[in-house]
Amino acid sequence: MTSSPRLPVDALMTVANRPDTVFTRGDGSWLWDEHGRRHLDLVQGWAVNTLGHAAPEIAAALAAQAGRVLHVGPGFHNDRAIALAGRLTALSGLDRCFFTNSGAEANEGAIKLARKFGQVHRGGAYEIITFEHSFHGRTLATMSASGKPGFDTLFAPQVPGFPKARLNNLASVEALVNANTVAVMLEPIQGEAGVVEATPGFLQALRTLCDSRGLLLVLDEVQTGVGRTGTWWGHDAAGVVPDIMTLGKGLGGGVPIGALLAREAVCCFAPGDQGGTYNGNALVCAAALAVVNAVDAPSFLPNVQARSHQLRTGLDRIGHRVGSPPVRGRGLLLALDLPGAGQALQVAETLRLRAETGVLVNAVRPQRLRLIPALNITEAEVALALAALEEAIP
Ligand SMILES: *Cc1c(COP(=O)(O)O)cnc(C)c1O
């Protein structure tokens, strides 16, 4: 990788291989680089920008809040955090909310809450059953909870207490339950693993198992929450309600915020147990409120479903032509397998460098493309994306 002569990228610590492109502005599903080249963005900051780039609702909320108050600290209430907690609890059916700065931090909080619940109500039970190939974040505890290959030895030793079961295999979960078990934690759709769904039947069976054994069901909805799957929450498709749910990514629409929601009976933190300087910051809560209001508009989720159908139909047509299995995922969290070794990586590169208009897609695996566009992407933009994919996949 060569570094730009004008921008000192060498001052950034290397933690990822990034192309030399430097983005400077965006609008909805479009992103422009420093040379004025435009890209149709189907990655959107990693399933983050619910309303696309430079959403006017978010810009207005941020500007208004910046002129009012940014931060009063964790020792005082602010009206934006109270309003957002009220909306999220009403929309989820859960009772209480704790705000964080990221998805990993929300999961870290969920782990702490489950362990505290074990101390208070379950005789010190602390084990949380998680799943192979899961992804829950990059703090030490959330890396330990994750089943991503390699995470077990990177930065060893791990935080103990996260035995791994196999997704959609109830017997593998039951085999791990013992007197120390306090919770089962999973993503309704494993996003980073390559868009791998927990089946509705599996989620229902886990709910039944948790109820019968006194365990907490913790759902990591950092990627699937806030409309991404075409309904408010990824678990809606299964009709189960978790005891604890975590949010991140799409909640802030590009502004860093996460949240931990829980049933009243689970909320056992005592004052001083959990916190953080910026948690519930008024500025980020104002942005998240703008996102929640937009997603709650009557036509918003029906549009996500319509665009999902359009995108899935087009992807299935391409997949049928090249011999792929059916498209994975729900809503606007979709993935297409390609038959050639490393073909997804190649197609992502071809699309990014495409003449005139680049198209940004994510090769979540070397042979699997993931599409996570803005939830307000238009019919014409989906059509353009499909035409570009048709052309890039021989
Ligand atoms: C992205 C992600 C996380 C981590 O969120 P960060 O904001 O990067 O800390 C956790 N869980 C899931 C399911 C995710 O997709």
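Visitor: In which loop is phenylalanine 155 found?
Guide: In this predicted model, local features need pLDDT of at least 70 and side-chain atom pairs count only at pLDDT 80 or more, while totals for chains, interfaces and linings use all residues. Residues are numbered from 1 along each chain as its sequence is written, and side-chain values use heavy atoms, with hydrogens and water left out. Helices (H or I, at least four residues) and strands (E, at least two) are DSSP runs, numbered from the N terminus. On that basis, phenylalanine 155 is found in the loop between H5 and E6.

Visitor: Is phenylalanine 155 buried or exposed?
Guide: Buried means under 20% relative accessible area, exposed over 50%, and partly exposed in between (1.4 Å probe, protein chains only). The relative accessible area of phenylalanine 155 is 55%, so the residue counts as exposed.

Visitor: What is phi of phenylalanine 155, and what is phi of alanine 47?
Guide: Most residues other than glycine have a negative phi. Alanine 47 lies in helix H1 (residues 44-47) and is buried, with a relative accessible area of 2%. Phi is positive for phenylalanine 155, at about 60 degrees; for alanine 47 it is likewise positive, near 60 degrees.

Visitor: What is omega of the peptide bond between alanine 156 and proline 157?
Guide: Proline 157 is placed in the loop between helix H5 (140-145) and strand E6 (164-165). The bond that joins alanine 156 to proline 157 is cis, with omega of about 0 degrees.

Visitor: Which residues are in contact with alanine 141, neighbours within four places in sequence left aside?
Guide: Alanine 141 is found in helix H5, and its relative accessibility of 9% makes it buried. Contact means heavy atoms within 4.5 Å. With those neighbours excluded, the contacts of alanine 141 are Glu108, Ile111, Val159 and Phe162.

Visitor: How far apart in space are glycine 331 and arginine 312?
Guide: Glycine 331 is placed in the loop between strand E13 (328-330) and strand E14 (333-337), and it is buried at a relative accessible area of 7%. Beyond its neighbours within four places in sequence, glycine 331 is in contact with Arg228, Thr229, Gly230 and Ser308. Arginine 312 is 19 residues from glycine 331 in sequence, and the C-alpha to C-alpha separation is 9.0 Å.

Visitor: Which residues are closest to the centre of the second largest pocket?
Guide: On a 1 Å grid over the protein atoms alone, a cavity is a set of points where a 1.4 Å probe fits but cannot get out; a pocket is an open set with protein on both sides within 12 Å along at least five of seven lines, and lining residues have an atom within 4 Å of a point. Grid points are joined across faces, edges and corners, and a volume is the space filled by probe spheres set on the points. The second largest pocket holds about 950 Å³. Of its 33 lining residues, those closest to the centre are His77, Cys97, Phe98, Phe99 and Gln274.

Visitor: What is the radius of gyration of the chain?
Guide: The radius is taken over C-alpha atoms, and the globule rule is 2.2 Å times the number of residues to the power 0.38. For 394 residues, a compact globule would have a value near 21 Å, which agrees with that of the chain, 21 Å.
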